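Hello,

Here is the structure I said I would pass on. My notes on what was found in it follow below.

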Amino acid sequence: MKLKLGQKSEGKELRVRLVVLGAFFVLGLLVLAVNLYRLMVVRYEEFFALSIDNQFKDVRLRAPRGVVRDRRGEVLVDARPSLDVFITPAFCQRCVQEVIPRLAGYLRWEDEQRARVEAMVKGAHGPQRYQPLVVAVDLKRDDFDVLLSHQHLLPGVDLDPVPHRNYRAGAALAHVVGYMNEITQDELTRLNGARSYDRPPYAMGDYIGRRGIERTYESTLRGTDGWVKHVVNARGEVMRDGKGSVHERDRVAPRPGNNLVLSIDARLQLTAEQAFPGTAGAIVVLESTTGFVRAIVNRPSFDPNEMTGRVSSQRLAALSKDPLEPLVFRAGQNHYSPGSTFKVVTLLAGLQSGVVHEHSQASCGGGYRLGSRFWRCHKESGHGLVSARSAMQMSCDTYFYRLSDMLGIDPIAKVGKALGLGAITGLDVVGEVPGIMPDTAYHQKATPGGYTKGLALNTAIGQGDVNVTPLQLAVVYSAIANGGDVYQPQIVRRVERPDGTVKQEFTPKLVRHLDITPEQRSIVVEGLKAVVNEPGGTAFRVRLKDVVMAGKTGTAQVARLGDKRLKKEEMDYFERDHAWFAAFAPADAPRVTVVVLNEHGGHGGSDAAPAAAAIVQKFFELERLDGVAFDRPLVPAPSPAVTAPGPALVAQPSPEVDAGVEAALSATPSLVRPEVQ
Amino acid sequence: MQVRVERRPWANVPYALLVTVVLTAVVGIYNLIAASRPAGSESLVFSGQAKNQLLFLVVGLGAIAAVAAVDYRLIQRLVIPIYLLNLVALIALRYFGHKAKGAESWFVLGPFRVQPAEFMKIGMVLMLAKYFHDDHRPNQATYGFLRLVPPAVIALVPTVLVLTQPDLGTALMMTFTAITVLFFARPSAPVWVAFGMVAIVGVGVLWNDYVRVQGEPRVTLVRHKLKRHQDARITSWLDPNSDLKGSSYHAMQSKIAVGSGGMTGKGWLQGTQTGLRYLPEQHTDFIFSVFAEEQGFLKCLGLLTLYAVMLLAALVVAYNAKERFGAFVAVGVAAMVFWQVFENIGMVTGLLPITGITLPLMSYGGSSMLSVMIGLGLLVNVSMRRHVF
């Protein structure tokens with residue numbers, strides 16, 4: 001017989017409650033079932049898509065940046081491998097609390113560096129959290145090994161060899177080649193434009209060209225990054241199969257950037273660097289008949305390799321506070337009184353206006369009187385009777401005072417402007433200044449009391465308000481040399497594709513032609529030849545044996561002098577005269593124009609002309625050596641494997657490179673301050 | 001008499017219950033093999049965890065047999081020592097316990113880690129059953145406030161101890177189990193009203209602290225007193241889009257895993273969410289998302305059916321029990337299993353906030369397995385001895 005609970009008085013009621021409880025349980029499970037149906041059947045596609053999204057990570061394959069070579073194929077800028085450390089915030093668990101302190105310990109970071117990285121990681125929001133951030137560059141091998149062996153303690157930290165820009169010429173071409181540094185948030189927004197975050201052309205931490213051709217040719221040099229999808233786990237670690245290879249999907253190979261071939265000749269550049277006589281200044285070497293730059297010196301300079309790494313703020317401050325302004329591109333970004341080098345413009349204006357001719361003469365008694373004022377010639381005792389030729393030869397100021405007194409300022413300004421003064425030359429390095437070519441209108445506006453005749457006298461000898469950049473002066477002298485063709489100076493000869501084929505060839509860009517008759521040219525050039533080649537010429541001591549050089553010295557006053565003439569050593573550095581020398585050669589069939597500016601260097605004849613002579617001599621030596629004036633590299637450009645990733649891809653130095661030259665080129669930084677007295 | 005006692009219990013073994021329990025545990029091991037495979041692997045690796053779980057299952061079945069073998073009236077007499085022993089273990093945990101994730105949850109005994117809270121649940125169920133058995137007054141059918149004070153204390157003492165470990169999940173499960181047992185005991189109408197009011201206030205607080213749109217800073221009633229991770233869990237439950245890559249990450253990844261399983265699943269060992277470790281605690285708390293992703297909706301329904309059969313079979317044991325103690329033990333064990341299943345599957349599907357609750361018989365873990373098995377052993381025991389007198 002069965003005795004059940006249910007048979008007791010309370011039992012029946014307990015059974016009812018059991019049924020209710022059972023129903024409650026079933027109801028609960030039904031709620032779960034309905035919810036499962038909602039997720040797994042109704043919203044299946046949505047969640048399935050999300051699960052697919054989850055498991056792939058877009059990995060960027062950096063495109064190698066284009067290489068920069070000189071006109072003969074010698075590598076000036078390429079890449080070297082740098083071991084960099086990245087943090088991907090999204091995958092970096094307990095990043096600020098644990099991972100960054102560990103990393104700081106391994107890499108012996110200062111607090112400042114650690115705070116900076118913390119701020120970077122904290123500052124990443126939204127999709128940016130999935131972009132790797134560069135937190136350390138150029139790891140030493142030992143540090144790299146330490147990190148590698150502790151990688152399990154560093155979630156979200158990646159170590160990758162990344163190609164870094166290698167400026168082989170060091171400080172030598174820093175201002176024209178430029179450097180790179182990290183892209184800013186604003187640039188990122190601007191350059192990536194409205195594109196989605198999926199595969200942006202630029203990513204946080206990328207480097208971008210900052211100056212010189214790195215900046216001007218950013219889009220040419222920069223390749224197109226490739227992408228590949230990797231299967232990753234929840235911590236962002238790339239999964240490998242049993243054999244250790246990575247699952248890949250949808251690989252898009254990176255396209256390397258195009259290479260640039262400059263018109264620079266590294267050998268001539270080296271000579272120019274070595275020949276530069278002073279503390280600060282510039283040398284510009286142009287092809288007289290094309291405007292291509294063969295060499296360009298800026299002193300003092302800086303090391304673009306340093307600027308492209310993580311230059312410290314103190315270092316940067318030191319560079320920008322340096323009174324010698326090493327960051328300024330003097331050849332184009334600073335203008336100076338041209339001094340007597342300007343006299344070619346005055347003479348040409350006189351010839352073109354018909355005010356003077358070959359045999360016009362003037363008498364120099366040590367100066368010129370206009371009204372109540374006396375304009376001094378640099379030779380107190382006077383030059384006696386001078387012609388155009390001898391006035392140029394001896395740089396007689398009186399002749400040009402007289403000439404400008406007859407001319408007025410406007411004909412001079414007209415010729416000066418026609419030769420490119422007062423406007424930027426258009427070199428492919430941004431930030432040029434236009435200089436000043438004063439005329440009546442300019443003085444009416446800028447000078448208290450307006451234009452007076454005396455201003456023309458100052459201008460005639462390259463003092464007063466007339467200001468030129470060394471680059472402009474080189475264009476002026478080239479135009480006089482070649483008979484009136486004013487060329488836009490260019491530094492890039494051609495753009496080559498990664499496989500070495502030519503993508504774009506730059507041809508000389510004629511800005512304008514100034515009609516200079518052969519007679520006029522001959523009068524000016526004869527004067528310039530006499531400067532160098534005849535006894536009594538201001539640059540007679542630098543005459544060359546094999547080639548006839550035509551040139552003009554200039555000694556530009558910086559400070560208004562008192563009655564007593566001081567020796568260079570007696571003056572404060574920043575008050576000393578600028579020494580100029582502008583020349584071309586051969587005088588009758590010019591090929592090369594050289595302008596040397598030795599800031600506060602003293603006299604043009606002694607402190608600038610020797611450098612120009614050395615450069616001209618080297619130029620012709622090299623031409624003889626090379627046999628022809630070629631425009632093709634001697635060695636075919638090495639063609640990198642298009643798809644090979646990694647740093648090894650960018651071109652190796654061509655076998656031609658002379659190690660000595662290279663070493664000397666990179667050993668030229670001259671950030672030494674002058675002794676300021 | 002002796003002969004009848006020896007023979008008849010076998011006829012009353014709840015075979016449906018045993019079969020569903022073993023079946024679920026076997027499915028659990030099958031699923032655990034997938035959940036514990038090396039990240040990224042799609043090949044069959046019989047992991048250490050799967051082997052352990054098999055061992056736990058065998059031990060668990062042994063525990064069922066052992067618990068069933070002892071006459072439950074003996075157990076009934078030992079309830080107070082059992083309950084007190086569990087309390088002592090919980091207190092001792094504070095001094096000798098192993099800290100993990102900020103909570104003291106385990107004793108380390110050789111190779112095993114024992115979670116006293118799991119066994120406390122059984123102790124509490126037994127103690128409540130004993131109270132309602134002993135306090136039965138046929139002339140006073142309903143329980144008023146006063147009569148509910150002792151069982152409330154019985155439940156509250158261990159619950160508070162567990163809560164302060166801190167193990168919010170287990171404490172919640174104990175609370176729900178105790179409330180179920182209390183309501184099963186038939187409380188009086190005022191108790192119902194009071195409970196209803198408390199529930200309304202609770203929902204109101206949640207609404208005010210988490211849902212209501214109000215200016216910053218929010219005027220909160222309880223929220224500011226919660227620990228940050230607890231607050232984040234409730235936030236991610238009530239507002240899952242608030243911080244997709246932060247605290248809602250686990251909730252979202254789990255939903256993706258479940259949802260992407262679809263009708264038939266991605267196949268055993270083929271789940272990508274599982275294989276690539278997008279799921280947190282995927283072999284314990286989030287085991288169901290592994291099952292759902294790889295096995296699909298239909299097999300999930302099958303699993304829910306298994307649990308339903310298990311629970312109903314447990315209630316049948318209660319239904320057939322000879323006296324209040326057995327019935328209340330059966331109800332308590334059933335409630336314990338139900339609430340764990342409900343909360344666990346509810347949380348992995350985004351229906352409920354995430355608390356560290358294992359899915360009975362599916363999740364990896366010896367203590368969890370053993371406590372469920374001991375509970376089931378009690379059910380078998382009650383069922384076998386329903387005709388003893």
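**Aromatic rings in chain B and beyond**

Phe338(B) and Trp339(B) are both buried. Please keep in mind that this is a predicted model. The ring centres of these two neighbours, Phe338(B) and Trp339(B), lie 5.1 Å apart with the planes at 70°, and since planes over 60 degrees apart count as edge-to-face, the pair is an edge-to-face one.

Trp339(B) also pairs with Phe342(B): here the centres are 6.0 Å apart and the planes stand at 85°, so this pair is edge-to-face as well. Both Trp339(B) and Phe342(B) belong to helix H13 of chain B, which covers residues 324-348. They are 3 residues apart there, about one turn of the helix. Trp339(B) has a relative accessible area of 13%, which is under 20%, and therefore counts as buried. Phe342(B) is buried too, because its relative accessibility is 16%.

Which residues do the ring pairs link into a cluster? The members are Phe24(A), Phe25(A), Phe176(B), Phe338(B), Trp339(B) and Phe342(B), so that residues of chain A and chain B are joined in it. Over all chains, the count of aromatic pairs comes to 26.

Two arginines sit over rings as well. In chain A, the charged end of Arg373(A) is placed over the ring of Trp375(A), at 4.1 Å from the ring centre. In chain B, Arg147(B) lies over the face of Tyr143(B), and the distance to the ring centre is 4.0 Å.

**Chain A as a whole**

Chain A has 677 residues, and 56% of them are buried. Its secondary structure consists of 24 helices and 23 strands. Taking the contacts between residues at least 6 apart in sequence, 74% join residues that are at least 24 apart.

**A five-stranded sheet in chain A**

One open sheet of chain A has 5 strands in the order S12-S11-S23-S22-S21, and the pairing is antiparallel. Its edges are strand S12 (293-299) and strand S21 (550-556), each of which pairs on one side only. On average, neighbouring strands of the sheet are turned by 5° against each other, direction ignored.

At one end of that order, S21(A) pairs with strand S22 (residues 578-585) of chain A over 7 bridges, in the antiparallel sense. Ala556(A) has His578(A) in S22(A) as its bridge partner.

Leaving out residues up to four places away in sequence, Arg294(A) touches Arg71(A), Ser263(A), Ile264(A), Asp265(A), Leu268(A), Val285(A), Glu287(A) and Phe619(A).

**Backbone details in the loops of chain A**

Most residues other than glycine have a negative phi, and most peptide bonds are trans.

- Arg299(A) and Pro300(A) are joined by a cis peptide bond, with omega about -10°. Pro300(A) is in the loop between S12 and helix H11 (304-308) of chain A.
- Ala585(A) and Pro586(A) are also joined by a cis peptide bond, with omega about -10°. Pro586(A) is in the loop between S22 and S23 of chain A.
- Arg108(A) is a residue other than glycine with a positive phi, near 55°. Its loop runs between helix H3 (95-107) and helix H4 (111-123) of chain A. With a relative accessible area of 55%, Arg108(A) is exposed.
- His600(A) has a positive phi too, near 50°. It is found in the loop between S23 and helix H22 (604-607) of chain A. His600(A) counts as buried because its relative accessibility is 7%.

Regards

Note on methods:
Residues are numbered from 1 along each chain as its sequence is written. Chains are lettered from A and ligands numbered from 1 in the order in which they are written. This is a predicted model: local features need pLDDT of at least 70, side-chain atom pairs count only at pLDDT 80 or more; totals for chains, interfaces and linings use all residues. Side-chain values use heavy atoms; hydrogens and water are left out. Helices (H or I, at least four residues) and strands (E, at least two) are DSSP runs, numbered from the N terminus. Buried means under 20% relative accessible area, exposed over 50%, partly exposed in between (1.4 Å probe, protein chains only). Contact means heavy atoms within 4.5 Å. Rings of Phe, Tyr and Trp (its six-membered ring) pair if their centres lie within 6.5 Å; planes under 30 degrees apart count as stacked, over 60 as edge-to-face and the rest as tilted. A charge sits over a ring if NZ of Lys or CZ of Arg is within 6 Å of the ring centre and within 35 degrees of the ring normal. Two strands pair if DSSP finds at least two bridges between them. Axes are lines fitted to C-alpha atoms, for helices over the stretch in contact, and angles run from 0 to 180 degrees between N-to-C directions.
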